[in-house]
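Subject: Model handover and findings

Hello,

Here is the structure for your set-up work. Please load it first, then read the notes below.

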Amino acid sequence: MPNAPHTLSVGQISLTVFDDGHFDLPLEYFSGLSGDLTQRLSAPLTIGANLWLIDTGSRRVLVDTGSGQALEQRFPATGQALEAVSDAEVSDIVLTHMHADHLGGLLGGEFSGVRVHVSKPEWEFWTQAGLADAVPEEQRPMIEMVQAVAASFADRVVTHEGAADLGEGLTLVPLPGHTPGHTGLRLRSGGEELLIVGDAVISGQVHFAEPDVGYALDSDADAAAATRRALLADAAQSGTPIAATHLPFPGLGRVEAEGDAWRFVPL
């Protein structure tokens, strides 16, 4: 059973976190782990799956749609939030990126007519002709699924470049590396602020202590590590809370510096 939704306020903005389940991953998905950290980790490594519904008062913005049914065969503990978020009368969807566990909720035709916001580099990468033929054979079914889902909402997609202002205190924040156009979302209202960082941080057990550790699904591991270091340093200095997809539910907290790395303090 998923956790009950968790709600908090960011100024006048209401933010509700939904639990979409979890993933059990082999440690081999993480490259460059120190021997000390490897000894402290248990296999498989469990990561969360969080979605966010933002209510500005005039719009209800869903950030990512979860796995839906896209990954139910390989990861049966995912896709648990689909029914709840499908009933949320959403006006807009923001995709942090276009991996299956973030757009899978669009697979079955849910959210018909809803505008979908995504960064232009992300959209152009995943919808390019010939992409499925350019990847290893074992990756082709997933690429084809992502492209089929993208085609289903192409007539209502809104692409953005850079730090795009979506209005009412919502701003896209480029966080490249995990994917070419991976994007976060900053919420700002009434002097308060929170940054949704998507998959810029994957594992709370790994990436605060060793931010340079690579992840198997990062398209550019070096860029992902540089993005992660920069956002963690900024979050620690500013005190801005972060929300991450794969931290344990509800995945909300502050970042504190700890030597040359960081630690996560849940809200």
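Start with histidine 6. At 33% relative accessibility, histidine 6 is partly exposed. That class lies between buried, under 20% relative accessible area, and exposed, over 50% (1.4 Å probe, protein chains only). Histidine 6 sits in strand 1, residues 6–10. Strands are DSSP runs of E with at least two residues, helices are runs of H or I with at least four, and both are numbered from the N terminus. Leaving aside neighbours within four places in sequence, histidine 6 is in contact with Leu15, Thr16, Val17, Phe249, Pro250 and Leu252. Contact means heavy atoms within 4.5 Å. From histidine 6 to glutamine 139, 133 residues along the chain, the C-alpha separation is 35 Å.

Two notes on the source. This is a predicted model, where local features need pLDDT of at least 70 and side-chain atom pairs count only at pLDDT 80 or more, while totals for chains, interfaces and linings use all residues. Residues are numbered from 1 along each chain as its sequence is written, and side-chain values use heavy atoms, with hydrogens and water left out.

Overall shape

The chain has 7 helices and 16 strands. Its radius of gyration is 17 Å, close to the 18 Å that the globule rule gives for 267 residues, so the chain is as compact as a globular protein of that length. The radius is taken over C-alpha atoms, and the rule is 2.2 Å times the number of residues to the power 0.38. The C-alpha trace spans about 50 × 50 × 35 Å along its principal axes. Of the 267 residues, 52% count as buried. Among contacts between residues at least 6 apart in sequence, 66% join residues at least 24 apart.

The accessible surface comes to about 11,700 Å², and 48% of it belongs to carbon and sulfur atoms. Areas come from the Shrake-Rupley method with a 1.4 Å probe; for residues, only the protein chains shown count as cover. On charge, there are 14 positive and 36 negative side chains, with the centres of the two sets 5 Å apart. Lys and Arg count as positive, Asp and Glu as negative; His and the chain ends are not counted. Each charge is placed at NZ of Lys, CZ of Arg, CG of Asp or CD of Glu.

Cores

A nonpolar core here is a set of buried Ala, Val, Leu, Ile, Met, Phe, Trp, Tyr and Cys residues joined through side-chain atoms within 4.5 Å. The largest has 47 residues, and Phe30, Ile93, Met98 and Phe153 touch the most other members. Elements that each supply at least two residues of this core include strand 2 (13–25), strand 4 (45–55) and helix 6 (140–152). Another core, of 20 residues, lies apart from it, with Val61, Val63, Val94 and Ile196 among its members.

Isoleucine 93 touches Leu62, Thr65, Leu106, Phe111, Val114, Arg115, Val116 and His117, not counting residues up to four places away in sequence.

Serine 203 is in the loop between strand 12 (192–198) and strand 13 (214–215). Its relative accessible area is 1%, so serine 203 is buried. Beyond four places in sequence, serine 203 touches Phe30, Leu45, Ile47, Phe208 and Leu247. The C-alpha atoms of serine 203 and isoleucine 47 are 6.2 Å apart, though 156 residues separate them along the chain.

Asparagine 50 is in strand 4. It is buried too, at 1% relative accessibility. Not counting residues up to four places away, asparagine 50 touches Val17, Phe18, Ala244, Thr245, Leu247, Phe249, Pro250 and Gly251.

Backbone points to check

Most residues other than glycine have a negative phi, and most peptide bonds are trans. The bond from alanine 43 to proline 44 is cis, with omega near -5°. Proline 44 lies in the loop between helix 1 (35–40) and strand 4. Phenylalanine 249 and proline 250 are also joined by a cis peptide bond, with omega about 0°.

Aspartate 64 has a positive phi, near 70°. Aspartate 64 is buried, at 0% relative accessible area. Glutamate 168 also has a positive phi, about 55°. Glutamate 168 is partly exposed, at 38%.

Best regards
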